Amino acid sequence: MKITLDNYKSLAWDKMDNLIPCIVQDKVSGQILMQGFMDQAAVAKTINTNMVTFFSRSKQRLWTKGETSGNTLDLIDISTDCDDDSILVIACANGPTCHKGTTSCFNQADSSDFGFLAELEQVIADRKGSAPESSYTASLYAKGIKRIAQKVGEEGVETALAATVKDTEELKNEAADLLYHLCVLLQASDLNFSDVISVLKQRHNKS
């Protein structure tokens, strides 16, 4: 059930002394970022401010994630499980979530395939503005969007040719090149994979 200001008081608050565990999941990668606890005031503040807020058991007060570090969590969606005694928050992380400087508070050695795409996208985004000689990605940005678009076209043709001759190994390599350069092109245009996925979702809903 989606949690709103109209229904959050109906959750099973009495099961655990008015505190409900909350798992935060990254919107893009699907990675579990952290777990905390929310009371009713934390849920209300999270919804009202669109910034994920918990009840800190150590500080005995409301605590908005990132209020000190600046590594906030922007609320995308908040819902409860079938028993109304656990909360799932979908969020966009502004920087590392863990106080140890890692993306997640959990040691997830191998991210999912789509999670890796999110990590790659972030690395590519971080290269914008870097010195051209520091990396191939930075050198692409320096050459401008026309050159980046040209590379996408070249890799698209090479991918198609590999498929035509049924060279699966080459197809995998060329498809990887195409996906990488497409990500650079999107970033250079101030877009990302989420923007593309949103369009696919809209089309899927209409089909």
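Predicted model: local features only at pLDDT ≥ 70, side-chain atom pairs only at ≥ 80, totals over all residues.
The UniProt record, an unreviewed entry, lists residues 34-107 as "domain: Phosphoribosyl-AMP cyclohydrolase". In the model this stretch is 14% helix and 38% strand.

Serine 79 sits in strand E5, which covers residues 73-80. With a relative accessible area of 16%, serine 79 is buried, because buried means under 20%. Between serine 79 and cysteine 22 there are 57 residues of sequence separation, while their C-alpha atoms lie 9.7 Å from each other. Isoleucine 124 belongs to helix H2, residues 113-126, and is buried as well, at a relative accessible area of 1%. Its C-alpha atom is 8.4 Å from that of alanine 138, a residue 14 positions away along the chain.

Most residues other than glycine have a negative phi. Asparagine 18 is not a glycine, yet its phi is positive, at about 65 degrees. Asparagine 18 lies in the segment before strand E1 (20-26) and is partly exposed, with 46% relative accessibility. Glutamine 60, also not a glycine, has a positive phi of about 55 degrees. The loop that holds glutamine 60 runs between strand E3 (53-56) and strand E4 (61-64). Glutamine 60 counts as exposed, at 57% relative accessibility.

Next come the charged side chains. The model has eight salt bridges. One of them joins aspartate 85 and lysine 15, with N and O 3.1 Å apart. This pair connects distant parts of the chain, 70 residues apart: aspartate 85 is in the loop between E5 and strand E6 (87-93), and lysine 15 is in the segment before E1. Aspartate 85 has 18% relative accessibility and so counts as buried.

Another salt bridge is formed by lysine 128 and aspartate 190, whose closest N and O atoms are 3.8 Å apart. Here too the partners come from distant parts of the chain, 62 residues apart: lysine 128 lies in the loop between H2 and helix H3 (136-143), and aspartate 190 lies in the loop between helix H5 (168-188) and H6. Lysine 128 is partly exposed at 35% relative accessibility, whereas aspartate 190 is exposed at 67%.

Lysine 172 and glutamate 169 form a salt bridge of 2.9 Å, N to O. The two are about one helical turn from each other, because they are three residues apart in helix H5. Lysine 172 is exposed, with 52% relative accessibility, and glutamate 169 is partly exposed, with 48%.

Glu158, Asp167, Glu170 and Asp177 form a negative patch. Within this group, glutamate 158 is located in helix H4 (residues 145-164) and is partly exposed, its relative accessible area being 35%. A nonpolar patch of about 250 Å² consists of Val196, Ile197 and Leu200. Valine 196 is part of helix H6, residues 193-206, and at 36% relative accessibility it is partly exposed.

Conventions. Residues numbered from 1 in each chain as written. Heavy atoms only, no water. Patch = residues over 30% accessible without salt bridge, like charges linked within 9 Å, V, L, I, M, F, W, Y side chains within 5 Å. Areas by Shrake-Rupley, 256 points an atom, 1.4 Å probe, with all protein chains shown as cover. Salt bridge = Lys/Arg side-chain N within 4 Å of Asp/Glu carboxyl O. Lys, Arg positive; Asp, Glu negative; His and termini not counted. Charge placed at Lys NZ, Arg CZ, Asp CG, Glu CD. Helix = DSSP H or I, 4+ residues; strand = E, 2+ residues; numbered from the N terminus. Buried < 20%, exposed > 50% of the residue type's maximum accessible area, 1.4 Å probe, protein only. UniProt positions renumbered as here; feature names shortened; annotations may be inferred.
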